Amino acid sequence: MLWTFKYFQYKVEVIPDNPDPKNLKKDIVYVVGEKRYVKWAYIKCPCGCNDSIMLSLNKNIFPSWSIKQDKRGRVTISPSINKLDGCKSHFLIKKGRLIWAQTAESSPYL
Ligand SMILES: [Zn+2]
């Protein structure tokens, strides 16, 4: 089944504790928690600035994100990820692919 990984960029790794933000791999979405209860997701900013991005998966906190995987393990994070500091990257991870946000007019996810 390894070949399927070639068709998408991001993989999900569920880990029990927060990762070291300095040691994130750029193609892994780190989900902190356990399968039934997830708290945070960490990803390394894909622009190359080396910042880590922490996303709350707790629906009681605003803003929060949801992570889904399809049957082939492809990860989708919604809504889009908008980094407000530093590089101000704005992107979307959909079915394992990284999609950079365009203008408000061309992106249906803003
Ligand atoms: Zn960045």
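Here is a short walk through this predicted model, one selection at a time.

Start with the whole protein chain. Of the 110 residues in the protein chain, buried ones make up 15%. Among the chain's contacts with a separation of 6 or more, 29% are between residues 24 or more positions apart.

Next, select Lys22, in the loop between β1 (11–15) and β2 (28–34). Lys22 counts as exposed because it has 8 C-beta neighbours inside 10 Å.

Move on to Asn50, in the loop between β3 (37–44) and β4. Check the backbone here: phi of Asn50 is near 75°, a positive value in a residue other than glycine. Most residues other than glycine have a negative phi. Asn50 is partly exposed, since 13 other C-beta atoms lie within 10 Å.

For another positive phi, jump to Lys95, where the value is near 50°. Lys95 sits in the loop between β7 (90–94) and β8 (97–100). With 16 C-beta neighbours inside 10 Å, Lys95 is partly exposed.

Last stop: the peptide bonds. Most peptide bonds are trans. Select Phe62 and Pro63, though, and you'll see a cis one, with omega about 0°. Pro63 is in the loop between β4 (52–56) and β5 (66–69). Then pick Ser78 and Pro79, joined by a cis peptide bond with omega about -5°; Pro79 lies in strand β6 (residues 75–82).

Methods
Residues numbered from 1 in each chain as written. Predicted model: local features only at pLDDT ≥ 70, side-chain atom pairs only at ≥ 80, totals over all residues. Helix = DSSP H or I, 4+ residues; strand = E, 2+ residues; numbered from the N terminus. Buried ≥ 20, exposed ≤ 12 C-beta atoms within 10 Å, placed from the backbone. Contact = placed C-beta atoms within 7 Å.
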